[in-house]
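Good morning, colleagues. I shall speak today about salt bridges, and I would ask you to keep the structure in view as we proceed.

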Amino acid sequence: MESTAKQWIKAIAVFLLITISLVNLPGCWNRVELNDRALALGLALDKAPGVDNKFMMTAEIANPSEVIAPLTGGGGGELPPAWVVSSTGWSAWEAGRNIVMQSRRRLFVAHTQVFVIGEDIAKEGLSPLMDLIMRNRELRRTAWIIIAKEATGKEILGVQHEMGGLTSDVINNLVLDSVQASAAIQIEVADFIQELVCDKCSPVAGRIEFVDPGRPEGIIDETETRDMKENITEGELLRYSGAAVFKRDRLVGWLDRKEARGLNWIRDNIGSGILVVKAPGEPERNLGIDVMFSESNISIEFTNDKPKITIEVEVEGNLGENMSNQDIIDKESLQIVEKRMAQVVRNDIEAVLKKAQELETDIFGFAMLIYQSNYKKWQELEEDWEKTFSNLPIGIVVQADVRRIGLIGEPVRAR
Amino acid sequence: MSIDGKITLRQMAWLIITIRVAVVITAVASIEARQDAWIAEMGAVLIKIFMALIIVLLALRFPSKSIFQYPQLIFGKLIGTGIVLGYLWFFLFVTASLTRELGDFITTVFMPQTPIIVVIGMFVLACAYAVHMGIESITRINDIFVPILMLSFGIFFLLVWQDADLSRLRPVFVETGALQIIKSSIVASAGFMLVAAFGVLLPHVNEAKRAFPFMLAGLAVVGFMITTSVITYITVLGVDQFVMVNFEGLAVTRVIAVADFFERLDPLTMLVWVVASFIKVAVFYYCFVLGIGQLLKTEEVNLLVVPTGAAVIALSLISFESFPQLENFFLNGWVVHNHIFLLFIPASMLTTAIIFNKKEQK
């Protein structure tokens, strides 16, 4: 009799335990099913048009069934793969939350791949917006940060890429593949914020702009100004190149492709790239050197309490093409090519140094270097660093080598 | 609840490891020292060794008595009881505030809409069960956890190392100055609350005479782990972000992205923290319940487990209004509060015991 009572108690206890576990374990309080989420893949931040101090957030919301359908061969294609929606608010996060008024689902931003930021708002300072990214538990700091040149972030995200697919995904791939040319920089939000909150650094961010498909890509002069709004048509292309330069948190200028490559030489972020040099003996013909390896080293020395920076770059490349009629196998012409190659690198670096010194913004981390290597000297320099930086003597030493010449020795030439 | 479980020396050393691991993910106490925080953490290890030495010497004088019993032998009934009550408060409050810290972490990062009382309630329930099973069970769970924790840490450091830039540690030693480093060491050493728990647990340890070398070993391992992780935090985040973020370990974990698919390892931090906090809270909870039993000279302490749990939940909810208050307290008020119980009272007890030659009567 007693044992049955005990068994009953045991049975009830087990039952209660299972019930309580079932209530608690299957999911947390704020479980949201995937189809109740507005999955944002890209976010854009702009000033709200027409109103001061108001923000506009644009999200590219993926339509999962349409993204997956083409792969499985199902009946996709009826709806666009993504939907771009904007909303305004008095703070960036309010603007983001207000999207719910149009999308019927709450924005879920954990899968955001890119942050596109309009030029206007970037000029006014980004630290108020970056706080949201650091504070929010969903936003990933591994997303790319990109500034839209002569455009708003909304316009960039709204572009329908010719290859189809999600714009954010396209931009993500543009950024990832930019290492092939090294004429753009890749900056994750985490790195950007790190340089932003550090009082001795100035951040840089990626740059994206429209490209007119009616004109060959290479002809467009970097300095040429165009009214972009006029040119936006269906099938407009995006181009990810160059860089946006900041002073503290304000956008102050742009680096073109050459300067961005210069920055990559200094920051040691070169993936690959083609160095075009004049052929020895035939100045009207070019050689293309494919960069295979590069390493940089920045050193600092003080003479009479004045800092002097030396940038040493070591670069190795393969001959990718020889458009001239003369081979470069002999030692002499090889040396000429290597010398010219070094000159190209030096030109890149000089260009970016000149731009940065004009803008008085230390995007290379020279101040950090002095601070880290010689704290006493840094204390003397700290007050007037911007001035010192803009007049800083900088030496450039480039060691360039051509290692391999490809499958043929002599160039292809008509006889 | 069994009040006379036995633990081995190795288990004791492993307890040190688990319990300090939780700290590594939460706020680093020495952030005031900026990029010299890792030096401060190394300095803190020396202070911790000193603290451990005091407790071991006390335990050697009173081999079968705990920190709830020998104050009365040293200072007499009245003052002794006062000190014991102080320690009871200490254990209860530590249990409550650690619980609250875990609850705040979970609700801030992973489940913002879950009421904190649910998180805390379930956590304390699990701890109460562990306490009910006694110290032997707690240390055995710990034996399972330590390898898992060490493995997680190993993976974590391997993955994060590619983002580290050692030059961010410079300039060493000059910016904040030696005084700040010493100050931060003292702040960091206030986190070694386990030393008071050892005052309770040492009578349960086999061969307590050899306890000190094992503590040294545990502290060495932990000191190494904390120093490495602080170095990792600074070198990965940069010193400005290191000072800025609330949960350093989490912030670093979020940076991990290996080969495009091995990323979003945040739940790993939750695993480490919850597991380590579980052991930590269970140990302090156990000490509190045992302490009441020893003060009241009763062996029927099992009855107290559940009410204590209720008290812990209530205290953890009412002690702090908000997370900033908790964080503030951990960085400021905590130091004085803890060092009274961890350093000042043990040291004065030891001095008095030596001067008046008080020893446990055989």
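In this predicted model, the count of salt bridges over all chains comes to 23. I shall take several of them in turn.

The side chains of Glu195(A) and Arg267(A) form a salt bridge, with an N to O distance of 3.3 Å. What does this pair tie together? Glu195(A) belongs to helix α9, residues 189-197, and Arg267(A) to helix α11, residues 257-267, so the contact links parts of chain A that are 72 residues apart in sequence.

Let us now move to chain B. Here Glu136(B) pairs with Arg140(B) in a salt bridge, and their closest N and O atoms are 3.0 Å apart. Why are the two separated by about one helical turn? The reason is that Glu136(B) and Arg140(B) lie four residues apart in helix α6, residues 135-160, of chain B. Glu136(B) has a relative accessible area of 27%, so this residue is classed as partly exposed.

Finally, I return to chain A for a network. Lys247(A), Arg248(A), Glu360(A) and Glu386(A) are joined into one network by salt bridges that share partners.

Thank you for your attention.

Methods:
Residues numbered from 1 in each chain as written. Chains lettered and ligands numbered in written order. Predicted model: local features only at pLDDT ≥ 70, side-chain atom pairs only at ≥ 80, totals over all residues. Heavy atoms only, no water. Salt bridge = Lys/Arg side-chain N within 4 Å of Asp/Glu carboxyl O. Buried < 20%, exposed > 50% of the residue type's maximum accessible area, 1.4 Å probe, protein only.
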